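Take a look at the sequence and the structure below. Then read on for a short tour of some side chains.

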Amino acid sequence: MVWAIVGVVVVILAVVIVLANQKHKKLVASGEIAERKPDFMKEAEDFHLKAVDPQQVAEQLKQIAQNTGVGCKGSISQQDFEISGGGWVAALKKIEDAGEETVYRFQFLKWNTRNGMPEDALRMNKAVTAIEKMFASF
């Protein structure tokens with residue numbers, strides 16, 4: 001009897017893992033998320049750009065927030081934004097403005113974990129992917 005229960009649990013876990021993997025591959029293929037290391041939230045990312053209109057950055061961030069279901073608040077004039085989701089907070093800030101080059105830094109500041117894994121990693125990935133695409137479009 002115990003072995004039957006263990007067998008059913010193993011089969012259910014295998015099905016869940018396969019379905020989650022298929023969903024992940026579909027999101028990567030559609031460009032909604034990028035393939036990342038499991039601890040991607042621990043690394044900051046700098047974006048080096050030609051001069052960019054601060055208003056355009058703010059408008060694009062507002063659109064990203066709506067599309068990904070995250071919160072976004074901050075200062076357009078200072079180009080300092082806080083992006084937040086289910087138990088996590090990230091910052092996007094202009095850290096350098098040297099005439100023709102502007103540098104923005106995106107980094108996750110805090111996130112909740114369960115069993116050693118970030119709780120909302122999918123939405124975190126969606127948010128950073130959308131920000132990467134935004135800066136690539138400039």
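This report covers one threonine and then the aromatic rings.

## A threonine in a helix

The model is predicted. Thr68 belongs to helix H2, which covers residues 54-68. Is Thr68 buried or exposed? Its relative accessible area is 15%. Buried means under 20%, so Thr68 counts as buried.

The side chain of Thr68 has a polar atom 2.7 Å from the backbone oxygen of Ile64. Leaving out residues up to four places away in sequence, Thr68 touches Arg123, Lys126, Ala127 and Ala130.

Tyr104 sits in strand S5 (residues 101-111), while Phe135 sits in helix H3 (residues 121-137). The pair therefore ties together parts that are 31 residues apart in sequence.

Tyr104 and Phe135 are both buried. Phe135 also pairs with Phe138. This pair is edge-to-face, with 6.0 Å between centres and 75° between planes. How do the two partners compare in burial? Phe135 has a relative accessible area of 4%, so it is buried. Phe138 has 33%, so it is partly exposed.

## An aromatic cluster

Which residues form one aromatic cluster? They are Phe40, Trp88, Phe106 and Phe108. Phe40 has a charged neighbour too: Arg36 lies over the face of its ring, 5.7 Å from the ring centre.

Terms used:
Residues numbered from 1 in each chain as written. Predicted model: local features only at pLDDT ≥ 70, side-chain atom pairs only at ≥ 80, totals over all residues. Heavy atoms only, no water. Helix = DSSP H or I, 4+ residues; strand = E, 2+ residues; numbered from the N terminus. Buried < 20%, exposed > 50% of the residue type's maximum accessible area, 1.4 Å probe, protein only. Polar contact = N/O pair within 3.5 Å; in protein donor to acceptor, adjacent residues only side chain to side chain. Contact = heavy atoms within 4.5 Å. Phe/Tyr/Trp six-rings, centres within 6.5 Å; stacked < 30°, edge-to-face > 60°. Lys NZ or Arg CZ within 6 Å of the ring centre and 35° of its normal.
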